[in-house]
Amino acid sequence: MTARVIDGRAFASGLRARVTAEARRLKAEHGITPGVAVILVGDDPASAVYVAAKSKAVHEAGFRAFDHRYSANLSLHALSELIQSLNADSSVHGILVQMPLPPAIDQRRAVDAIDPLKDVDGLTNANFGRLMTGEYGAGRGLIACTPLGALMLVRHALANELAGKEALVIGRSNLVGKPMAQLLLAENCTVTIAHSKTRDLPTLTRRADILIAAVGRAEIVRGDWIKPGAVVIDVGMNRKTFEPGKSKLVGDVAYEEAAEVAGAITPVPGGVGPMTIACLMRNTLIAAALQAGLPQPPV
Ligand SMILES: NC(=O)c1ccc[n+]([C@@H]2O[C@H](COP(=O)([O-])OP(=O)(O)OC[C@H]3O[C@@H](n4cnc5c(N)ncnc54)[C@H](OP(=O)(O)O)[C@@H]3O)[C@@H](O)[C@H]2O)c1
C-alpha cells in the first residue's frame with residue numbers, strides 16, 4: 001500500500017483564504033479588524049522562527065499584529081501586567097504567549113492571566129476545562145490550534161467518519177496530546193493515550209485506525225508499527241543531522257516506511273505545521289467576532 005499524502009499546506013491555505021474573506025466582511029460590515037498580540041520572552045531560536053511565521057500569516061490575512069519581545073529576565077509580574085493591559089485593549093482580540101517561557105516564569109500563572117475570550121491558543125485553564133466538559137465550539141471556548149488543526153486533517157482524511165475508530169495519541173502534553181485525545185473522544189473515537197512510561201508502544205500503535213504522534217523524538221514510530229490503512233498524523237518537529245553540518249526537519253514517524261503501510265499520512269514539513277498557523281488565524285477571527293457580540297463566523 002502507498003499512503004495518500006495529506007497535504008496540510010493546501011488544506012491550511014484553503015482555511016486561511018476563508019478566514020481572510022470573513023475578516024474582510026467583519027471589517028466592511030462592522031469596522032472591526034482582528035488583532036493579535038504575540039509575546040516572545042527570551043531568545044530561543046526555534047521560538048523566534050515560529051513567531052516570525054505567525055506574524056507573517058497575521059499580516060497576510062490583513063489582521064493587526066502587535067509584537068512584544070522581551071529578554072529572558074522578564075519577571076512574571078511584568079509579564080502579567082503586559083497581559084492585563086492587552087486584555088483591556090479593545091484592538092487586541094487574541095493574545096498568544098509563545099512557549100516555552102524561560103524556566104523562572106511560572107507558565108501556568110502567565111497563561112491564566114490571559115482573558116479566556118482572547119486566549120486564541122486555547123491554553124488557559126478556563127478553555128481547557130471547557131474542552132474537557134464538552135462545552136466548546138459555536139461561540140463557547142477556544143481550542144488549542146495544533147490539535148484543532150490535526151483534527152481537521154483527520155476529518156478530511158476520513159470524510160468525517162470517525163465514530164467508533166480506535167485512536168492512539170502518543171504524547172500527553174497540555175499543548176497537544178491531552179486536547180487532541182479529548183477532541184477525538186468528542187468525535188466518538190475510542191481513545192488511548194500513550195506516553196514515555198507506556199509499555200510495548202508498537203502493540204498499541206498496530207491497533208490504531210487513527211495514529212497521532214506528538215512526541216518530539218525523531219522517527220520513533222516505525223513502518224511496522226502502523227496498522228495497514230491507518231490515518232497517521234505526525235505532529236512532531238525534530239531536527240535530524242544526517243551528515244556533519246547538515247540537518248533536516250523530520251517528524252516523529254519514519255515517513256518513507258510508514259507511507260508503505262498507512263492509508264493516509266501527513267508529511268513533515270507540510271502537514272500539521274501550516275494548520276497550526278491557519279487555526280491561530282481562525283481562532284483570532286472568531287475571538288474578534290465574539291468580543292463584538294456577533295455570531296461565530298462560518299470558517
Ligand atoms: N506542528 C506544530 O505546529 C507543532 C506544535 C506544537 C508541537 N509540535 C511538536 O510536537 C512534538 C510534541 O510537542 P509537545 O509540546 O507535546 O512536547 P512535550 O511537551 O515534550 O510532550 C511530549 C510527550 O511525548 C511523550 N514521550 C516522550 N518520549 C516518549 C517515548 N519514547 N514514547 C512515548 N511517549 C513519549 C512524553 O511523555 P511523558 O509525559 O511521560 O514525559 C510527553 O507526553 C514536538 O516535536 C513539537 O515540536 C509541533
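Student: Which residue with a positive phi follows α7?

Tutor: This is a predicted model, in which local features need pLDDT of at least 70 and side-chain atom pairs count only at pLDDT 80 or more, while totals for chains, interfaces and linings use all residues. Residues are numbered from 1 along each chain as its sequence is written, and side-chain values use heavy atoms, with hydrogens and water left out. Helices (DSSP runs of H or I, at least four residues) and strands (E, at least two) are numbered from the N terminus, and the residue that follows α7, with a phi near 70°, is N188.

Student: Why is α7 largely enclosed by the rest of the structure?

Tutor: The buried residues of this helix (buried meaning under 20% relative accessible area with a 1.4 Å probe, protein chains only) are G177, P179, M180, A181, Q182, L183 and L184. They pack, with contact meaning heavy atoms within 4.5 Å, against α5, α6, β5, β6 and β7. Helix α7 spans residues 177-186, and it is largely enclosed because the buried ones among its ten residues number seven.

Student: Which residue in β3 stands opposite I39?

Tutor: I39 belongs to β2, where G35, A37, I39 and V41 point one way and V36, V38 and L40 the other way, and all of these are buried. Strands β2 and β3 run parallel and are joined by seven bridges, where pairing requires at least two DSSP bridges. The residue of β3 opposite I39 is H68.

Student: What is the bridge partner of V38 in β4?

Tutor: Strand β2 also pairs with β4 (residues 94-97), in the parallel sense and over four bridges. Within β4, the partner of V38 is L96.

Student: How far is an oxygen atom of the ligand from an N or O atom in the side chain of S173?

Tutor: R172, S173, S196, M237 and T276 come nearest among the 21 residues around the ligand, each counted through a heavy atom within 4 Å. A polar backbone atom of M237 is 3.0 Å from a ligand oxygen atom, and a backbone N or O atom of V235 lies 3.5 Å from one. For the side chain of S173, the distance is 2.5 Å.

Technical notes
Buried < 20%, exposed > 50% of the residue type's maximum accessible area, 1.4 Å probe, protein only. Polar contact = N/O pair within 3.5 Å; in protein donor to acceptor, adjacent residues only side chain to side chain.
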